[in-house]
Amino acid sequence: MIEQNSKQNPVTQNLPKPLKTAGFAEFGDSLFRVISTLFAMSSLFLIGWIGVILYQQSALTRHLFGWSILTGRTWDTLHHVIGALPFIYGTFVSSTIALILAVPIGICAAIFLSELAPSWLASPLSFLIELLAAIPSVIYGLWGVLFLCPWLNNNVYQWLNNNFGNIPLFSNYGGYPSTMLAAGIILAIMILPFITSVSREVIRSVPQAQREAALGLGATRWEMIRNVVLKAAKSGITGAVILALGRAIGETMAVVMVIGNNTMMSASLLQPGYTMPALLANEFNEAWTSKLHTSALLEIAFILFVITFIINALARILILLTSRNSNYASAEPGKAAAMDTLRDILAKFGRWLMIVVIIGFVAWQIVGDLRSESFRGLLHPTEIIVYLYLATRFVTRITRGTVNWKRWRKINNGFVQILLGLCTFLACFILAILLYVVAVQGIQYLHPSIFTHDELDGGMSNGIIGTLVLVGIASAIGIPLGLIGGIYLSEYGAGRFGNVLRFSADVLNGIPSVVIGMFVYAAVVLKTNHFSAMAGGLALGIMMIPTIVRTTEEILRLTPYSLREGSLGLGATKFRTIRSIIVPAAKGGIVTGVMLALARVIGETAPLLFTAFGNEMVTYKLNSQISSLTMLIYRFAMDSDVTKNGMAWTGSLILITIVLVISLLSRLFSRSRYSMH
Amino acid sequence: MTLRKLLMKGSIIVSAIALLVGMKNANAQALNVAGSTFVYPIMNKWIQRYHELHPGVSINYQAIGSGAGIAQYKSGTVDFGASDVPLTNKELATMPRPTLNILDVSGAIVLCYNVRGIGPGLHLSGPVIANIYLGKITKWNDPRIKKLNPYLNLPDEPIRVMHRSDASGTSYIFTSYLASVSKAWKDGPGVGKSPNWPVGIGAQGNPGVAGLIHHAQGSFGYIELAYALQNHMPAAVVENRSGNFIAASIQTTAFAVNSAVKKMEKDIRVSIVNGPGLNTYPICGFSYLIVPKFPTNVSHGRAMLDFLKWTMSDEAQRMAADLLYAPLPDSIRKINLRAIDSIKVR
């Protein structure tokens, strides 16, 4: 990036003054290291604690049912039958759909915004996308029920069923608007801002020299992006995807509203399903009076915890196996060779598996079409996609090595750029619709009295002030822990211990917010015997940590190593290097991470119900119960009064505005010291 | 850059001062109440009015669900609770302090649908509703529905059954109705806030179910009376125990309440689903308050006592009727006041 190169020039002017004694400097360094290690360990400590509590509290269910919980298909707490399979299945399927839809679109949008779009377009668009992480999940859910599901039901489901119905995934359309597919789509929309924002920052951090080198060697723009930029940004993008997956797995309110909550376990995506967090959200409030029911739900939370653990472990192994610049390469050639072989085998196996599955599905569909409509069946969308694919393969094959090869590459380049633009347009379009709906619905009840009156007098001031107080407490806890933890991981966390901490941050990120709320309830509320703003803020703060840790780390790792070497070479200590050189250079990306974390927790309801509890009047006291906008939004949305339902939208409009203001202010304050302006 | 630093420092100082001022300005301690979502609308109105009458007392009601309300009451984090299901004698015995059930409000549940060409007033009977929810009647033109509606042109479409996915008192009342009219339901899914539904899809809250019914052709689901009326949803007319087809309203719910007064003299914990009487609407239920007999906090206890008494006043009951909860008859109010008077605040 051109700006970044120019950023590095005035570095010398800002270098720290030499310290007086080396002993003091060393002491400062080791002190920072110790403190940052402790901060970084907070995730590990938290998941350990949460894991132990969940394991202990769910012992009754395991004692009664043992492993059969995992295979049981019936969930009937009235008759003491506990089976978790439909929920596990639903969680897997809905998050998989979400990833399949959101990852390509999100990454394409990120590439477009960072590589192709002019800055007057890219900045506002990325700002818009970041803003959308702040829409409360209950509003995503409402939008899903009222707008998305009916639209899908009228326009999409039948079409999918008609044209791809021979594939089991799209067979057996039941006419219900709430389906597994709807849940997957809602989740995809929710995680899109995460993937796009973090990937964009990561891609922007790839040194400009690498791009120039690739272009100088004659690569087209797309080839440069594919072979250079994406390769360099791979680890960071994977981190973003894992963060997004964590959110998709743990999401409750939005999914609960659109998935249909049925334990049928159909192969078809056009049928309703059920997920583990949805079950927790549905039944936790009323389960308290039955020991078995409570323990069964905590067992579900525990299974979810273990699954998040396993998924993160698998993702980590996958990264290790696919990354080309393996650490072993130089140190242990034998081991490196062994790893390479293993990697090749696995990569080949994965690729073949994918090809076989896709060909299987396509063949299934084509055979079905042929049987139902004979040769006219060959004009259906599936077949047309196959023709197009074969045609491009054919052209690639005949032009390779001929004079037309370059022309073909250029066509490819143009085509891909259009595709990237379309993806960005699609992402922004969906998000703009959402914003539009919130604005139009919300403005109806927007009135000054909303800000000046509390809930009892028909306003929302108790929620607005509550949200600010809660987010303030959460930031005071989450931002230092997250930032310093992230710094530790990027600067000191290269070894196995660093990996453990990284891993625990990812697991913590995937724990559903309901469970974090329960944890704080058990750890704080029950101990102090009253609900408080502190407890609510703590729950939100815990949720902020992993997002900030992981984004900070990914961004810091991408700051050029020469910066560190330059500073250290001039005699600065490691702490000063980090404080004065590395962190300022990565400020923009760090702020994005903090804003995403803030946006995520500002829209949370579930963890506050049993910690902050809610208050119908305005309060600033940190040790009394307090309300939040999201709690009001949730209650109003579920109220049987139509005016209240409308005010829920107004609440989310206010919430988005708050995030907008915080975001603008933080950008104003954090503009890099080395920026050209 | 200096301006920015100045701004930053300024905002930090301002927010610190705001926080300090705020801490000093905190309001007097309020009563905390938690529980049922079913009574939230009327509770909210009552608390608001009561606060106008007695500015010194503020009550904070949080609708976190009946079960959670009972649990919070048990652990002592709230002054009293609200539950759609009264505490049984066994549960009362496990409470850390002597506890009373006090009847609160009653409400009705209606069956709504979205069928092409069919307006309000579809006739349904208990067994037919149970069979739809058991998955035994699957089409709108099933002979058993046709028999009840000989003049309607019912389409040959599947019935898309909807139910609440969140555990709720509404589901509890509805399933106790189903169990009272169908042995198959009683022996099968049973009565509960989140039973194992044999068919259909679940949606969150009344708005969720209403939204689905509005958008899906051929849908059928149960909703609280107030919500259905506000949203002008067509509701079924249901056959009661006397064989009459009754539409849900405050009056027909009040008949159900009145029919149970005799039994309630002995114990207010009665079920009024499928009650006797010519014009009784069959799907109704009560909501209860779970209150301590000997409140430990004297000032909170006094405030609670006064508030409870006030809810039995004519004004409070009229407010309930405005929100389509059936007002409690005098005889039941007397029973309640007797119970409230037995609360002793030292």
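**Close-up views of a predicted two-chain model**

**View 1. Helix α5 (residues 85-116) of chain A packs against α17(A) at an angle of about 110 degrees.** The model is predicted. The two helix axes lie 8 Å apart. Angles of 65 to 115 degrees count as roughly perpendicular, and α5(A) and α17(A) are therefore roughly perpendicular to each other. Their crossing is left-handed. From α5(A), the contact draws on Ile105(A), Gly106(A), Cys108(A), Ala109(A), Ile111(A), Phe112(A), Leu113(A) and Leu116(A). From α17(A) come Gln417(A), Leu419(A), Leu420(A), Gly421(A), Cys423(A), Thr424(A), Leu426(A) and Ala427(A). By class, the contact of α5(A) with α17(A) holds twelve nonpolar residues, four polar and no charged.

**View 2. Helix α17 (residues 404-443) of chain A also meets helix α16 (residues 381-399) of chain A.** The axes of α16(A) and α17(A) come within 8 Å. They cross at roughly 145 degrees. On the α16(A) side stand Val395(A), Thr396(A) and Thr399(A). Their partners in α17(A) are Asn404(A), Trp405(A) and Trp408(A). The residues of this contact split into three nonpolar and three polar, with no charged.

**View 3. Chain A and chain B meet in a contact that takes 53 residues from chain A and 57 residues from chain B.** What is the class make-up of the side of chain A that touches chain B? That side has 25 nonpolar residues, 20 polar and eight charged.

**View 4. Chain B is assigned two domains, domain 1 (7-105 + 287-341) and domain 2 (108-284).** Domain 1 of chain B is written as two segments, 7-105 and 287-341. Taken over C-alpha atoms, the centres of domain 1 and domain 2 of chain B are 30 Å apart. Their contact takes 20 residues from domain 1 of chain B and 18 residues from domain 2 of chain B.

**View 5. A closer look at the side of domain 1 of chain B that touches domain 2 of chain B shows β4 (99-114) and α15 (330-341) of chain B.** Each of these two elements supplies at least two residues of that side. Which element gives the largest share? α15(B) does, with three residues. By class, this side of domain 1 of chain B has twelve nonpolar residues, seven polar and one charged.

Terms used. Residues numbered from 1 in each chain as written. Chains lettered and ligands numbered in written order. Predicted model: local features only at pLDDT ≥ 70, side-chain atom pairs only at ≥ 80, totals over all residues. Contact = placed C-beta atoms within 7 Å. Nonpolar A, V, L, I, M, F, W, Y, C, P; charged D, E, K, R; others polar. Axes fitted to C-alpha atoms, helices over the stretch in contact; angles between N-to-C directions. Helix = DSSP H or I, 4+ residues; strand = E, 2+ residues; numbered from the N terminus. Domains from an automatic or database assignment. Parallel < 35°, antiparallel > 145°, perpendicular 65-115°, else oblique. Left-handed = near helix turned anticlockwise from the far one by under 90°.
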